[in-house]
Amino acid sequence: MDRIEYLADLIVRRGCGFALLAIGTVMLGLSYDLLLCLKSGAILEALHGSVLGLFAYNAPKWNHKSTELWTLLNKGADLPPNYPPAQLLEVLRKTYLRYAEMAGCVALMMCVGAVIVWIVR
């Protein structure tokens, strides 16, 4: 089970890394105005967390053979015999939820930062 959780974490972490690269690029482009930078970062990060939440909601309904996790598990050859496919999707769901919660925390911190900048101005 540890390998399955590790691979699911790797898949979601890689996708989140690309999303954070895009969000960071937008924030860097708006860095001339700190308030606008933090506001846009908070909105984009909240959107990112919402997408992860939707993925977590829909994960149990997916075909397990069409997921990247299945491909990384050598199309099921690395799994024990009679391994329930629903358990793979449950691991993905939990991983998506964990990262959605982290994205929500980051968005909240950016909102707090924007409020502080707004008050100080």
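Modeller: Let's begin with valine 106, which sits in helix α4 (residues 85-120); a helix here is a DSSP run of H or I, at least four residues, numbered from the N terminus. Keep in mind that this is a predicted model, where local features need pLDDT of at least 70, side-chain atom pairs count only at pLDDT 80 or more, and totals for chains, interfaces and linings use all residues. Residues are numbered from 1 along each chain as its sequence is written, and side-chain values use heavy atoms, with hydrogens and water left out.

Colleague: Why is valine 106 called partly exposed?

Modeller: Buried means under 20% relative accessible area, exposed means over 50%, and partly exposed is in between (1.4 Å probe, protein chains only). Valine 106 has 28%, so it's partly exposed.

Colleague: And what makes aspartate 9 count as buried?

Modeller: Its relative accessibility is 14%, which is under 20%, so buried it is.

Colleague: How do you know that arginine 13 forms a salt bridge with aspartate 9?

Modeller: A salt bridge needs a side-chain nitrogen of Lys or Arg within 4 Å of a carboxyl oxygen of Asp or Glu. Here the closest N and O atoms are 2.4 Å apart, so the pair qualifies. Aspartate 9 also meets arginine 98 in a salt bridge, at 2.7 Å from N to O.

Methods: Helix = DSSP H or I, 4+ residues; strand = E, 2+ residues; numbered from the N terminus.
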